[in-house]
Amino acid sequence: MARPRTISDERILDATARVIDRRGPEFTVADVAAEAGVSVGAVAKRFGSKSGLLQALTRAGTEEVVRRMRAAGSVRAALLTWFDRLADPVVATNNLAQLGVDLIDPELRALLARHYAVLEAELEVLCAAEGLPPNAARVLAALVYGISMDWSVRPRGELLARTEEDVDLVLKGMR
């Protein structure tokens, strides 16, 4: 009989996110194992490799953002959930650096494309419910991605405040 798992995948993936926040793409499976309080072998057995960890983290991240968008209930509130955990410039920079590395890996790039498509589809539903024009979701998604990238490189003020200001300005023009 197999031993029941005492450490959840969620715990390991949460540890992965925290390690990326601190170290960016320089993280190792050993860093994740230490953060999660498990052996390297346990992480490797569950996820296979660093790429496997990143793939699982991307899938979980997509599910989490969709859940939060649906709970937000409006276009504006949904957009504000996308990058709210990146409020610290170091965390934002480390995650942006990891994104650059992810884009090189074909499997991770495909998962990111799916992530972006899923978020845009959720946003389309909210935009339609609010009577926004066609393609509003695409424009708003590009706006928020651009804000996060610009702020990661040139952090001025708070990311959430900057996102609110820019989203409000664009939504005002669309309405």
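This tour moves through the structure above one selection at a time, from the whole chain to single residues.

The model is a predicted one, in which local features require a pLDDT of at least 70 and side-chain atom pairs count only at pLDDT 80 or more, while totals for chains, interfaces and linings use all residues. Residues are numbered from 1 along each chain as its sequence is written, and side-chain values rest on heavy atoms, with hydrogens and water left out.

**Whole chain**

Begin with the protein chain in cartoon view, where the secondary structure amounts to 9 helices and 0 strands; here helices (H or I, at least four residues) and strands (E, at least two) are DSSP runs numbered from the N terminus. With the principal axes as reference, the C-alpha atoms of the chain fill a box of roughly 60 × 40 × 25 Å. If you switch to a surface, the accessible area of the protein chain is about 9700 Å², and 57% of that belongs to carbon and sulfur atoms, as computed by the Shrake-Rupley method with a 1.4 Å probe.

Colouring by burial shows that 40% of the 175 residues are buried, where buried stands for under 20% relative accessible area, exposed for over 50%, and partly exposed for what lies in between (1.4 Å probe, protein chains only). Among contacts in the protein chain with a separation of 6 or more, 64% join residues 24 or more positions apart, a contact being heavy atoms within 4.5 Å. Selecting the charged side chains gives 23 positive and 24 negative ones, with the centres of the two sets 4 Å apart; Lys and Arg count as positive and Asp and Glu as negative, while His and the chain ends are not counted, and each charge is placed at NZ of Lys, CZ of Arg, CG of Asp or CD of Glu.

Next select residues 6–65, which an unreviewed UniProt entry lists as "domain: HTH tetR-type"; UniProt positions are given in the numbering used here, with feature names shortened, and annotations may be inferred rather than shown by experiment. The span is 78% helix and 0% strand, and its end C-alpha atoms lie 26 Å apart. Then select residues 28–47, listed by UniProt (unreviewed entry) as "DNA-binding region"; this span is 80% helix and 0% strand, with 13 Å between its end C-alpha atoms.

**The nonpolar cores**

Which residues have the most contacts inside the largest nonpolar core? Show Val75, Leu79, Trp82, Leu123, Cys127, Leu132 and Leu140, which hold that place in a core of 21 residues; such a core is a set of buried Ala, Val, Leu, Ile, Met, Phe, Trp, Tyr and Cys residues joined through side-chain atoms within 4.5 Å. Helix H4 (50–72), helix H5 (75–80), H7, H8 and H9 each supply at least two residues of this core, and the largest share, 6 residues, comes from H8. Apart from this core lies another, of 20 residues, among them Val29, Ala36, Phe47 and Leu57.

Centre on methionine 69 in helix H4, which counts as buried because its relative accessible area is 1%. Beyond neighbours within four places in sequence, methionine 69 is in contact with Ala78, Thr81, Trp82, Leu119, Glu122, Leu123 and Leu126. The C-alpha atoms of methionine 69 and leucine 126, which are 57 residues apart along the chain, are separated by 9.1 Å.

Threonine 58 also lies in helix H4. Is threonine 58 buried or exposed? Its relative accessibility is 12%, so threonine 58 counts as buried, and, not counting residues up to four places away in sequence, threonine 58 touches Leu108, Leu111, Leu112 and His115.

Go on to asparagine 135, in the loop between helix H7 (106–129) and helix H8 (136–153). Most residues other than glycine have a negative phi, but asparagine 135 has a positive phi of about 70°; at 48% relative accessibility, asparagine 135 is partly exposed.

Within helix H8, select methionine 149, which is partly exposed at 43% relative accessible area. Methionine 149 and alanine 92 are 57 residues apart in sequence, with 8.5 Å between their C-alpha atoms.

Finish at threonine 163 in helix H9 (residues 159–174), which is buried at 8% relative accessibility and, neighbours within four places in sequence aside, is in contact with Leu80, Val144 and Ile147.
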